[in-house]
Amino acid sequence: MAAPEERDLTQEQTEKLLQFQDLTGIESMDQCRHTLEQHNWNIEAAVQDRLNEQEGVPSVFNPPPSRPLQGLLGWGYYLIMLPFRFTYYTILDIFRFALRFIRPDPRSRVTDPVGDIVSFMHIFEEKYGRTHPVFYQGTYSQALNDAKRELRFLLVYLHGDDHQDSDDFCRNTLCSPDVVSLINNRMLFWACSTNKPEGYRVSQALRENTYPFLAMIMLKDRRMTVVGRLEGLIQPDDLINQLTFIMDANQTYLVSERLEREERNQTQVLRQQQDEAYLASLRADQEKERKKQEERERKRQKEEEVQQQKMAEERRRRNLQEEKERKSECLPPEPPPDDPESVKIIFKLPNDSRVERRFHFTQSLTVIHDFLFSLKESPEKFQIEANFPRRVLPCLPSEEWPNPPTLQEAGLSHTEVLFVQDLTDD
(Lines give C-alpha, C1' and ligand atoms only; values in the text may rest on other atoms or scores of the structure.)
Protein backbone atom coordinates (compact mmCIF):
# COMPACT_ATOMS: atom_id res chain seq x y z
CA MET A 1 0.00 0.00 0.00
CA ALA A 2 1.28 3.47 -0.84
CA ALA A 3 2.03 5.79 2.05
CA PRO A 4 -0.46 8.66 2.37
CA GLU A 5 0.45 12.28 2.00
CA GLU A 6 0.92 13.39 5.62
CA ARG A 7 1.81 17.05 5.20
CA ASP A 8 -1.82 18.14 5.69
CA LEU A 9 -2.95 15.32 8.00
CA THR A 10 -2.59 14.79 11.72
CA GLN A 11 -1.34 11.54 13.17
CA GLU A 12 -4.90 10.53 14.12
CA GLN A 13 -6.19 11.28 10.61
CA THR A 14 -3.35 9.28 9.06
CA GLU A 15 -4.20 6.25 11.22
CA LYS A 16 -7.88 6.56 10.29
CA LEU A 17 -6.95 6.80 6.61
CA LEU A 18 -4.88 3.59 6.75
CA GLN A 19 -7.53 1.77 8.76
CA PHE A 20 -10.29 2.83 6.32
CA GLN A 21 -8.22 1.54 3.40
CA ASP A 22 -7.69 -1.80 5.19
CA LEU A 23 -11.40 -2.17 5.98
CA THR A 24 -12.71 -1.21 2.54
CA GLY A 25 -9.93 -2.46 0.24
CA ILE A 26 -9.87 0.82 -1.76
CA GLU A 27 -6.43 1.18 -3.35
CA SER A 28 -6.59 4.92 -4.04
CA MET A 29 -5.52 6.98 -1.06
CA ASP A 30 -7.09 10.09 -2.59
CA GLN A 31 -10.46 8.36 -2.79
CA CYS A 32 -10.13 7.14 0.80
CA ARG A 33 -9.25 10.62 2.00
CA HIS A 34 -12.07 12.21 0.00
CA THR A 35 -14.58 9.74 1.50
CA LEU A 36 -13.38 10.37 5.05
CA GLU A 37 -13.47 14.13 4.56
CA GLN A 38 -17.07 13.83 3.34
CA HIS A 39 -17.90 12.10 6.64
CA ASN A 40 -15.88 14.54 8.78
CA TRP A 41 -13.33 11.77 9.47
CA ASN A 42 -15.97 9.57 11.10
CA ILE A 43 -14.56 6.19 10.10
CA GLU A 44 -17.62 4.18 11.20
CA ALA A 45 -19.98 6.29 9.10
CA ALA A 46 -17.58 6.22 6.13
CA VAL A 47 -17.23 2.40 6.25
CA GLN A 48 -21.01 1.96 6.57
CA ASP A 49 -21.61 4.26 3.59
CA ARG A 50 -19.03 2.32 1.58
CA LEU A 51 -20.76 -0.98 2.42
CA ASN A 52 -24.11 0.52 1.43
CA GLU A 53 -22.71 1.49 -1.96
CA GLN A 54 -21.38 -2.04 -2.50
CA GLU A 55 -24.83 -3.46 -1.70
CA GLY A 56 -26.52 -1.13 -4.16
CA VAL A 57 -27.85 1.40 -1.68
CA PRO A 58 -27.20 4.96 -2.88
CA SER A 59 -24.62 6.95 -0.93
CA VAL A 60 -25.83 9.90 1.06
CA PHE A 61 -23.31 11.98 -0.89
CA ASN A 62 -24.28 10.59 -4.31
CA PRO A 63 -28.08 10.44 -4.35
CA PRO A 64 -29.65 9.13 -7.56
CA PRO A 65 -30.86 11.88 -9.87
CA SER A 66 -34.55 12.41 -9.53
CA ARG A 67 -36.64 12.79 -12.61
CA PRO A 68 -38.78 15.88 -12.37
CA LEU A 69 -42.45 15.36 -12.92
CA GLN A 70 -43.50 16.73 -16.23
CA GLY A 71 -46.53 18.75 -15.31
CA LEU A 72 -49.99 17.33 -14.80
CA LEU A 73 -49.29 14.42 -17.17
CA GLY A 74 -46.41 13.23 -15.00
CA TRP A 75 -48.43 13.49 -11.84
CA GLY A 76 -51.33 11.64 -13.41
CA TYR A 77 -49.04 8.81 -14.58
CA TYR A 78 -47.53 8.57 -11.11
CA LEU A 79 -50.89 8.35 -9.39
CA ILE A 80 -52.18 5.74 -11.84
CA MET A 81 -49.07 3.53 -11.47
CA LEU A 82 -48.82 3.89 -7.67
CA PRO A 83 -51.32 1.07 -6.79
CA PHE A 84 -49.70 -1.27 -9.31
CA ARG A 85 -46.21 -0.57 -8.00
CA PHE A 86 -47.32 -1.09 -4.43
CA THR A 87 -49.04 -4.38 -5.31
CA TYR A 88 -46.06 -5.56 -7.38
CA TYR A 89 -43.43 -4.94 -4.71
CA THR A 90 -45.66 -6.36 -1.98
CA ILE A 91 -46.21 -9.60 -3.90
CA LEU A 92 -42.49 -9.77 -4.72
CA ASP A 93 -41.51 -9.42 -1.06
CA ILE A 94 -44.03 -12.07 -0.04
CA PHE A 95 -42.69 -14.42 -2.72
CA ARG A 96 -39.09 -13.92 -1.61
CA PHE A 97 -40.06 -14.45 2.01
CA ALA A 98 -41.92 -17.70 1.19
CA LEU A 99 -39.08 -18.90 -1.02
CA ARG A 100 -36.74 -18.78 1.94
CA PHE A 101 -38.88 -21.43 3.67
CA ILE A 102 -39.57 -23.53 0.58
CA ARG A 103 -35.97 -23.62 -0.70
CA PRO A 104 -33.68 -22.52 2.12
CA ASP A 105 -29.96 -22.22 1.43
CA PRO A 106 -28.45 -25.54 2.61
CA ARG A 107 -25.35 -23.67 3.76
CA SER A 108 -27.37 -21.80 6.39
CA ARG A 109 -27.68 -24.96 8.52
CA VAL A 110 -24.39 -25.64 10.32
CA THR A 111 -24.45 -29.22 11.65
CA ASP A 112 -20.77 -30.20 11.75
CA PRO A 113 -18.54 -27.12 11.76
CA VAL A 114 -15.35 -29.02 12.60
CA GLY A 115 -16.16 -31.52 9.86
CA ASP A 116 -16.45 -28.62 7.41
CA ILE A 117 -12.96 -27.40 8.38
CA VAL A 118 -11.36 -30.85 8.14
CA SER A 119 -13.04 -31.50 4.79
CA PHE A 120 -11.73 -28.21 3.37
CA MET A 121 -8.22 -29.03 4.65
CA HIS A 122 -8.21 -32.39 2.85
CA ILE A 123 -9.50 -30.87 -0.39
CA PHE A 124 -6.91 -28.06 -0.15
CA GLU A 125 -4.01 -30.49 0.37
CA GLU A 126 -5.14 -32.76 -2.46
CA LYS A 127 -5.29 -29.80 -4.84
CA TYR A 128 -2.42 -27.55 -3.73
CA GLY A 129 -0.08 -29.82 -1.77
CA ARG A 130 0.95 -30.00 1.87
CA THR A 131 3.08 -26.85 1.88
CA HIS A 132 0.65 -24.35 3.33
CA PRO A 133 0.04 -22.41 6.53
CA VAL A 134 -0.99 -24.50 9.51
CA PHE A 135 -4.77 -24.63 9.49
CA TYR A 136 -6.60 -24.08 12.75
CA GLN A 137 -8.53 -27.30 13.30
CA GLY A 138 -11.57 -25.92 15.06
CA THR A 139 -14.57 -23.74 14.57
CA TYR A 140 -14.41 -20.03 13.88
CA SER A 141 -15.64 -19.27 17.40
CA GLN A 142 -12.94 -21.47 18.89
CA ALA A 143 -10.30 -19.71 16.80
CA LEU A 144 -11.54 -16.32 18.02
CA ASN A 145 -11.43 -17.51 21.63
CA ASP A 146 -7.90 -18.90 21.28
CA ALA A 147 -6.64 -15.73 19.60
CA LYS A 148 -8.23 -13.67 22.35
CA ARG A 149 -6.80 -15.85 25.10
CA GLU A 150 -3.30 -16.03 23.58
CA LEU A 151 -3.32 -12.37 22.43
CA ARG A 152 -2.40 -13.30 18.85
CA PHE A 153 -3.48 -12.12 15.43
CA LEU A 154 -6.06 -14.30 13.67
CA LEU A 155 -5.93 -14.42 9.87
CA VAL A 156 -9.21 -15.62 8.33
CA TYR A 157 -9.25 -16.89 4.75
CA LEU A 158 -12.57 -17.44 2.94
CA HIS A 159 -12.16 -19.59 -0.15
CA GLY A 160 -14.44 -19.01 -3.14
CA ASP A 161 -14.43 -22.31 -5.04
CA ASP A 162 -15.97 -20.81 -8.17
CA HIS A 163 -13.90 -17.63 -8.32
CA GLN A 164 -11.35 -17.36 -11.13
CA ASP A 165 -8.54 -16.08 -8.88
CA SER A 166 -8.87 -18.63 -6.08
CA ASP A 167 -6.59 -21.29 -7.62
CA ASP A 168 -3.87 -18.77 -8.50
CA PHE A 169 -3.97 -17.25 -5.01
CA CYS A 170 -3.82 -20.60 -3.21
CA ARG A 171 -1.15 -22.13 -5.42
CA ASN A 172 1.23 -19.18 -5.85
CA THR A 173 0.54 -16.86 -2.90
CA LEU A 174 -0.89 -18.75 0.06
CA CYS A 175 1.48 -21.71 -0.42
CA SER A 176 4.52 -19.49 -0.90
CA PRO A 177 7.25 -20.48 1.62
CA ASP A 178 7.72 -16.87 2.77
CA VAL A 179 3.99 -16.40 3.30
CA VAL A 180 3.75 -19.75 5.10
CA SER A 181 6.64 -18.79 7.39
CA LEU A 182 5.14 -15.39 8.24
CA ILE A 183 1.69 -16.79 9.01
CA ASN A 184 2.94 -19.75 11.05
CA ASN A 185 5.28 -17.62 13.15
CA ARG A 186 3.11 -14.61 13.88
CA MET A 187 -0.58 -15.51 13.80
CA LEU A 188 -3.28 -18.15 13.87
CA PHE A 189 -4.68 -19.15 10.50
CA TRP A 190 -8.32 -20.19 10.01
CA ALA A 191 -9.67 -21.05 6.58
CA CYS A 192 -12.80 -22.55 5.08
CA SER A 193 -14.74 -22.65 1.83
CA THR A 194 -17.86 -20.52 1.56
CA ASN A 195 -19.58 -23.57 0.04
CA LYS A 196 -19.36 -25.19 3.46
CA PRO A 197 -21.97 -24.19 6.08
CA GLU A 198 -19.31 -23.03 8.55
CA GLY A 199 -17.56 -20.94 5.89
CA TYR A 200 -20.88 -19.53 4.69
CA ARG A 201 -21.78 -18.51 8.25
CA VAL A 202 -18.47 -16.68 8.65
CA SER A 203 -18.97 -15.09 5.21
CA GLN A 204 -22.31 -13.66 6.38
CA ALA A 205 -20.53 -12.15 9.40
CA LEU A 206 -17.55 -10.64 7.57
CA ARG A 207 -19.49 -9.53 4.44
CA GLU A 208 -16.71 -10.00 1.87
CA ASN A 209 -17.07 -8.44 -1.59
CA THR A 210 -14.85 -10.64 -3.71
CA TYR A 211 -12.36 -13.48 -3.53
CA PRO A 212 -9.76 -14.32 -2.42
CA PHE A 213 -10.70 -12.74 0.91
CA LEU A 214 -8.48 -12.31 3.97
CA ALA A 215 -9.42 -10.65 7.25
CA MET A 216 -7.05 -9.86 10.09
CA ILE A 217 -8.73 -10.03 13.48
CA MET A 218 -7.30 -9.17 16.89
CA LEU A 219 -8.31 -8.15 20.40
CA LYS A 220 -8.73 -4.40 20.37
CA ASP A 221 -10.42 -2.37 23.07
CA ARG A 222 -11.33 -5.66 24.78
CA ARG A 223 -13.27 -7.08 21.83
CA MET A 224 -12.31 -9.05 18.72
CA THR A 225 -12.13 -6.55 15.87
CA VAL A 226 -11.36 -6.75 12.16
CA VAL A 227 -8.31 -4.51 11.74
CA GLY A 228 -7.53 -5.38 8.10
CA ARG A 229 -9.33 -6.68 5.01
CA LEU A 230 -7.57 -7.90 1.86
CA GLU A 231 -9.76 -8.75 -1.13
CA GLY A 232 -8.83 -9.88 -4.61
CA LEU A 233 -5.73 -11.50 -6.07
CA ILE A 234 -2.48 -10.41 -4.43
CA GLN A 235 1.13 -11.42 -4.94
CA PRO A 236 3.21 -13.03 -2.15
CA ASP A 237 5.45 -10.00 -1.53
CA ASP A 238 2.51 -7.62 -1.45
CA LEU A 239 0.63 -9.92 0.94
CA ILE A 240 3.63 -10.13 3.27
CA ASN A 241 4.05 -6.34 3.20
CA GLN A 242 0.38 -5.65 3.90
CA LEU A 243 0.10 -8.25 6.67
CA THR A 244 3.28 -6.93 8.27
CA PHE A 245 2.00 -3.36 8.02
CA ILE A 246 -1.33 -4.31 9.63
CA MET A 247 0.41 -6.16 12.47
CA ASP A 248 2.92 -3.36 13.09
CA ALA A 249 0.15 -0.75 13.08
CA ASN A 250 -1.86 -2.67 15.68
CA GLN A 251 0.88 -4.30 17.73
CA THR A 252 0.59 -1.60 20.38
CA TYR A 253 -2.95 -2.77 21.19
CA LEU A 254 -1.73 -6.29 21.88
CA VAL A 255 1.17 -4.98 23.97
CA SER A 256 -1.21 -2.80 25.93
CA GLU A 257 -3.65 -5.64 26.45
CA ARG A 258 -0.80 -7.95 27.48
CA LEU A 259 0.39 -5.40 30.05
CA GLU A 260 -3.15 -4.98 31.34
CA ARG A 261 -3.51 -8.74 31.65
CA GLU A 262 -0.23 -9.01 33.52
CA GLU A 263 -1.34 -6.21 35.81
CA ARG A 264 -4.69 -7.91 36.34
CA ASN A 265 -2.96 -11.23 36.99
CA GLN A 266 -0.57 -9.60 39.46
CA THR A 267 -3.49 -7.88 41.15
CA GLN A 268 -5.36 -11.17 41.25
CA VAL A 269 -2.31 -13.00 42.64
CA LEU A 270 -1.81 -10.26 45.22
CA ARG A 271 -5.48 -10.39 46.17
CA GLN A 272 -5.29 -14.18 46.37
CA GLN A 273 -2.22 -13.97 48.59
CA GLN A 274 -3.98 -11.43 50.77
CA ASP A 275 -7.04 -13.65 50.95
CA GLU A 276 -4.88 -16.66 51.84
CA ALA A 277 -3.05 -14.63 54.50
CA TYR A 278 -6.38 -13.41 55.86
CA LEU A 279 -7.77 -16.94 55.90
CA ALA A 280 -4.61 -18.23 57.60
CA SER A 281 -4.87 -15.48 60.20
CA LEU A 282 -8.58 -16.17 60.58
CA ARG A 283 -7.90 -19.89 61.04
CA ALA A 284 -5.18 -19.11 63.60
CA ASP A 285 -7.53 -16.81 65.50
CA GLN A 286 -10.26 -19.43 65.32
CA GLU A 287 -7.82 -22.06 66.60
CA LYS A 288 -6.79 -19.80 69.47
CA GLU A 289 -10.42 -19.10 70.27
CA ARG A 290 -11.18 -22.81 70.08
CA LYS A 291 -8.37 -23.61 72.52
CA LYS A 292 -9.52 -20.82 74.83
CA GLN A 293 -13.04 -22.17 74.64
CA GLU A 294 -11.80 -25.66 75.39
CA GLU A 295 -9.79 -24.33 78.35
CA ARG A 296 -12.82 -22.43 79.61
CA GLU A 297 -14.91 -25.55 79.18
CA ARG A 298 -12.35 -27.65 81.08
CA LYS A 299 -12.27 -25.10 83.89
CA ARG A 300 -16.03 -24.98 83.98
CA GLN A 301 -16.28 -28.76 84.10
CA LYS A 302 -13.61 -28.91 86.77
CA GLU A 303 -15.36 -26.27 88.83
CA GLU A 304 -18.62 -28.06 88.29
CA GLU A 305 -17.05 -31.36 89.39
CA VAL A 306 -15.57 -29.67 92.48
CA GLN A 307 -18.91 -28.12 93.25
CA GLN A 308 -20.66 -31.46 92.78
CA GLN A 309 -18.09 -33.12 95.02
CA LYS A 310 -18.63 -30.45 97.66
CA MET A 311 -22.38 -30.90 97.41
CA ALA A 312 -22.01 -34.69 97.57
CA GLU A 313 -19.72 -34.37 100.58
CA GLU A 314 -22.15 -32.01 102.20
CA ARG A 315 -25.02 -34.41 101.56
CA ARG A 316 -22.94 -37.29 102.90
CA ARG A 317 -22.08 -35.42 106.07
CA ARG A 318 -25.65 -34.33 106.50
CA ASN A 319 -26.89 -37.88 106.01
CA LEU A 320 -24.23 -39.13 108.40
CA GLN A 321 -25.25 -36.63 111.01
CA GLU A 322 -28.89 -37.53 110.56
CA GLU A 323 -27.99 -41.20 110.91
CA LYS A 324 -26.01 -40.48 114.08
CA GLU A 325 -28.94 -38.59 115.54
CA ARG A 326 -31.33 -41.38 114.60
CA LYS A 327 -29.06 -44.01 116.16
CA SER A 328 -28.73 -41.88 119.30
CA GLU A 329 -32.49 -41.53 119.61
CA CYS A 330 -32.96 -45.29 119.23
CA LEU A 331 -30.47 -46.26 121.95
CA PRO A 332 -32.00 -47.97 125.00
CA PRO A 333 -31.59 -46.10 128.28
CA GLU A 334 -28.36 -46.61 130.25
CA PRO A 335 -28.78 -49.04 133.23
CA PRO A 336 -28.12 -47.67 136.75
CA PRO A 337 -24.76 -48.38 138.40
CA ASP A 338 -26.27 -50.74 140.96
CA ASP A 339 -27.91 -52.94 138.34
CA PRO A 340 -26.31 -56.39 138.74
CA GLU A 341 -27.02 -57.21 135.08
CA SER A 342 -25.19 -54.13 133.79
CA VAL A 343 -21.78 -53.95 132.16
CA LYS A 344 -19.46 -50.97 132.46
CA ILE A 345 -17.54 -50.45 129.27
CA ILE A 346 -14.70 -48.00 128.71
CA PHE A 347 -14.10 -47.24 125.00
CA LYS A 348 -10.72 -46.00 123.77
CA LEU A 349 -11.28 -43.99 120.58
CA PRO A 350 -8.74 -43.56 117.76
CA ASN A 351 -8.04 -39.98 118.88
CA ASP A 352 -6.95 -41.37 122.34
CA SER A 353 -10.07 -40.05 124.04
CA ARG A 354 -12.12 -42.24 126.34
CA VAL A 355 -15.85 -42.73 126.59
CA GLU A 356 -17.61 -44.65 129.32
CA ARG A 357 -21.14 -46.10 129.39
CA ARG A 358 -23.17 -48.90 130.95
CA PHE A 359 -25.06 -51.53 128.97
CA HIS A 360 -27.21 -54.50 129.90
CA PHE A 361 -25.91 -58.04 129.53
CA THR A 362 -28.93 -59.00 127.47
CA GLN A 363 -28.42 -56.25 124.93
CA SER A 364 -26.98 -57.06 121.52
CA LEU A 365 -23.49 -55.99 120.54
CA THR A 366 -25.25 -53.86 117.94
CA VAL A 367 -26.26 -51.48 120.71
CA ILE A 368 -22.65 -50.68 121.67
CA HIS A 369 -21.90 -50.16 117.91
CA ASP A 370 -24.86 -47.76 117.58
CA PHE A 371 -23.71 -45.91 120.69
CA LEU A 372 -20.22 -45.40 119.37
CA PHE A 373 -21.57 -44.46 115.91
CA SER A 374 -23.75 -41.74 117.43
CA LEU A 375 -20.74 -40.06 119.01
CA LYS A 376 -19.47 -36.95 117.27
CA GLU A 377 -15.80 -37.91 117.64
CA SER A 378 -16.17 -41.46 116.41
CA PRO A 379 -15.08 -42.37 112.86
CA GLU A 380 -17.55 -43.24 110.12
CA LYS A 381 -16.41 -46.82 109.84
CA PHE A 382 -14.87 -48.75 112.70
CA GLN A 383 -14.64 -52.09 114.45
CA ILE A 384 -14.58 -52.88 118.17
CA GLU A 385 -11.81 -55.04 119.56
CA ALA A 386 -11.39 -56.70 122.96
CA ASN A 387 -7.96 -57.42 124.48
CA PHE A 388 -8.35 -60.53 126.62
CA PRO A 389 -8.48 -62.53 124.53
CA ARG A 390 -7.75 -60.20 121.60
CA ARG A 391 -10.67 -60.43 119.23
CA VAL A 392 -13.01 -58.36 117.06
CA LEU A 393 -16.52 -58.22 118.39
CA PRO A 394 -19.21 -59.06 115.80
CA CYS A 395 -21.31 -55.99 116.33
CA LEU A 396 -22.90 -55.97 112.85
CA PRO A 397 -24.70 -58.78 111.01
CA SER A 398 -22.46 -60.96 108.85
CA GLU A 399 -22.53 -64.38 107.21
CA GLU A 400 -20.99 -65.91 110.30
CA TRP A 401 -23.16 -63.91 112.69
CA PRO A 402 -26.46 -63.04 111.01
CA ASN A 403 -27.73 -61.96 114.42
CA PRO A 404 -24.97 -60.38 116.50
CA PRO A 405 -24.63 -61.95 120.00
CA THR A 406 -25.48 -60.26 123.28
CA LEU A 407 -22.85 -58.86 125.56
CA GLN A 408 -23.15 -61.89 127.76
CA GLU A 409 -22.82 -64.26 124.82
CA ALA A 410 -19.76 -62.33 123.68
CA GLY A 411 -18.15 -63.15 127.04
CA LEU A 412 -17.93 -59.63 128.38
CA SER A 413 -17.49 -59.15 132.17
CA HIS A 414 -18.98 -56.48 134.37
CA THR A 415 -16.14 -54.10 133.54
CA GLU A 416 -14.52 -54.04 130.14
CA VAL A 417 -12.10 -51.90 128.12
CA LEU A 418 -12.76 -52.01 124.40
CA PHE A 419 -10.75 -50.45 121.59
CA VAL A 420 -12.28 -48.67 118.60
CA GLN A 421 -10.34 -49.35 115.39
CA ASP A 422 -10.81 -46.74 112.58
CA LEU A 423 -11.67 -48.40 109.23
CA THR A 424 -12.55 -45.21 107.29
CA ASP A 425 -9.38 -45.28 105.11
CA ASP A 426 -9.92 -48.94 104.34
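Lys344 and Glu356 form a salt bridge in which the closest N and O atoms are 3.2 Å apart; the term denotes a side-chain nitrogen of Lys or Arg within 4 Å of a carboxyl oxygen of Asp or Glu. Lys344 belongs to strand 5 (residues 342-348) and Glu356 to strand 6 (residues 354-360), so the pair ties together parts that are 12 residues apart in sequence. Helices (H or I, at least four residues) and strands (E, at least two) are DSSP runs, numbered from the N terminus. With a relative accessibility of 25%, Lys344 counts as partly exposed; buried means under 20% relative accessible area, exposed over 50%, and partly exposed in between (1.4 Å probe, protein chains only).

The model is predicted, so that local features need pLDDT of at least 70 and side-chain atom pairs count only at pLDDT 80 or more, whereas totals for chains, interfaces and linings use all residues. Residues are numbered from 1 along each chain as its sequence is written, and side-chain values use heavy atoms, with hydrogens and water left out.

The structure holds 26 salt bridges. One of them joins the side chains of Glu295 and Arg298 at 2.4 Å, N to O. Both residues lie in helix 10, three residues apart, or about one turn of the helix. Glu295 is partly exposed at 34% relative accessible area, and Arg298 is likewise partly exposed at 46%. A further salt bridge brings together the side chains of Arg149 and Glu150 (3.9 Å, N to O). Glu150 is partly exposed, its relative accessibility being 37%. The C-alpha atom of Glu150 is separated by 9.3 Å from that of Arg258, although the two residues are 108 residues apart along the chain. Arg258 lies in helix 10 and is partly exposed at 31% relative accessibility.

Salt bridges also link Arg222, Glu257, Glu260, Arg261 and Arg264 in a network. Arg222 sits in the loop between strand 3 and strand 4 (223-231). Its relative accessibility of 58% places Arg222 in the exposed class. The backbone of Arg222 has a positive phi of about 65°, although the residue is not a glycine.

Trp41 also has a positive phi without being a glycine, with a value near 60°. Trp41 lies in the loop between helix 2 (29-38) and helix 3 (43-54), and at 14% relative accessibility it counts as buried. Another backbone feature is the cis peptide bond between Tyr211 and Pro212, where omega is about -5°. Pro212 is found in the loop between helix 9 (197-206) and strand 3 (213-220).

Two packed helices are described by the angle between their axes and the distance between the axes. Helix 10 and helix 11 (residues 365-374) pack at about 135°, with their axes 8 Å apart; axes are lines fitted to C-alpha atoms, for helices over the stretch in contact, and angles run from 0 to 180 degrees between N-to-C directions. The two helices are therefore oblique to each other, given that angles under 35 degrees count as roughly parallel, over 145 as roughly antiparallel, 65 to 115 as roughly perpendicular and the rest as oblique.

Helix 10 (residues 236-330) also contains Leu279, which is partly exposed at 39% relative accessible area.
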